[in-house]
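Trainee: I have a new structure to read. Please take me through it step by step.

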Amino acid sequence: MDKQTETPGNPTAAPVRFDTKIAVVLREDLETWQRLNVTAFLVSGLGSEVAEVIGEPYADADGTGYLPMFRQPVMVFEGSKETMTAAHGKALARGLKVAVFTSDLFATGNDRDNHAAVRAVPGDQLDLVGIAVYGPRNAVDKALKGACKHP
């Protein structure tokens, strides 16, 4: 479990610092709409498979309930095609949780075809346009070396 300091509603308390990191790396040549679409798809994979990243449901003062979200920030980076390939390999070698989005997925319109498109290509030949990575903060940082924070 992450070490964290809970400080809701207390602006003078120390900031929350997590032992884990959620990060998305996007290929630098994507259009804006593609960056947003890829990010949304990638983080949905982490939220569905890594239960500890999801916080508690929200509620407003009227008692209206809202869906839970990630309990920690998602860091977004960008890099070249080569950076994407290297980060993918390092993340897998370190045993991190990884979601992938390939260029082929822009041409599909459903989950079945998305799975088939990824399954048709060996892992080291995937034309990656985005990956999401989750794991220990230091391991994620090492896997993403060379990627820059998204502008």
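Mentor: Strands are DSSP runs of E, at least two residues, and helices are runs of H or I, at least four, numbered from the N terminus. This is a predicted model: local features need pLDDT of at least 70, side-chain atom pairs count only at pLDDT 80 or more, and totals for chains, interfaces and linings use all residues. Residues are numbered from 1 along each chain as its sequence is written, and side-chain values use heavy atoms, without hydrogens or water.

Trainee: How many residues of S1 are buried?

Mentor: Buried means under 20% relative accessible area, exposed over 50%, partly exposed in between (1.4 Å probe, protein chains only). In S1, 8 of the 8 residues are buried, so the strand is largely enclosed by the rest of the structure.

Trainee: Which residues point which way from S1?

Mentor: Thr 20, Ile 22, Val 24 and Leu 26 point one way. Lys 21, Ala 23, Val 25 and Arg 27 point the other way. All are buried.

Trainee: Which strands pair with S1?

Mentor: Strands of a sheet pair through backbone hydrogen bonds, either parallel or antiparallel. Here, two strands count as paired if DSSP finds at least two bridges between them. S1 (residues 20-27) runs antiparallel to S6 (residues 128-136), with 7 bridges. Val 24 faces Ala 132 across that pair, and Leu 26 stands opposite Gly 130. With S4 (residues 74-79), S1 pairs in the parallel sense over 6 bridges. There, Ile 22 stands opposite Val 74.

Trainee: In what order do the strands of the sheet come?

Mentor: The order is S5-S6-S1-S4-S7, an open sheet of 5 strands with mixed pairing. S5 (97-102) and S7 (148-149) stand at the edges with a single partner strand each, so one side of each has no neighbour in the sheet.

Trainee: Which helix gives the most to the lining of the largest pocket?

Mentor: H3 does, with 5 residues. H1 (32-49), S5 and H3 (111-119) each supply at least two lining residues.

Trainee: How confident is the prediction, by mean pLDDT?

Mentor: pLDDT is the predictor's confidence in each residue, from 0 to 100. The protein's mean is 91, and 92% of its residues reach 70 or more. Over residues 1-7 the pLDDT is below 50. Where pLDDT is low, the predicted coordinates should not be read in detail.

Notes
Contact = heavy atoms within 4.5 Å.
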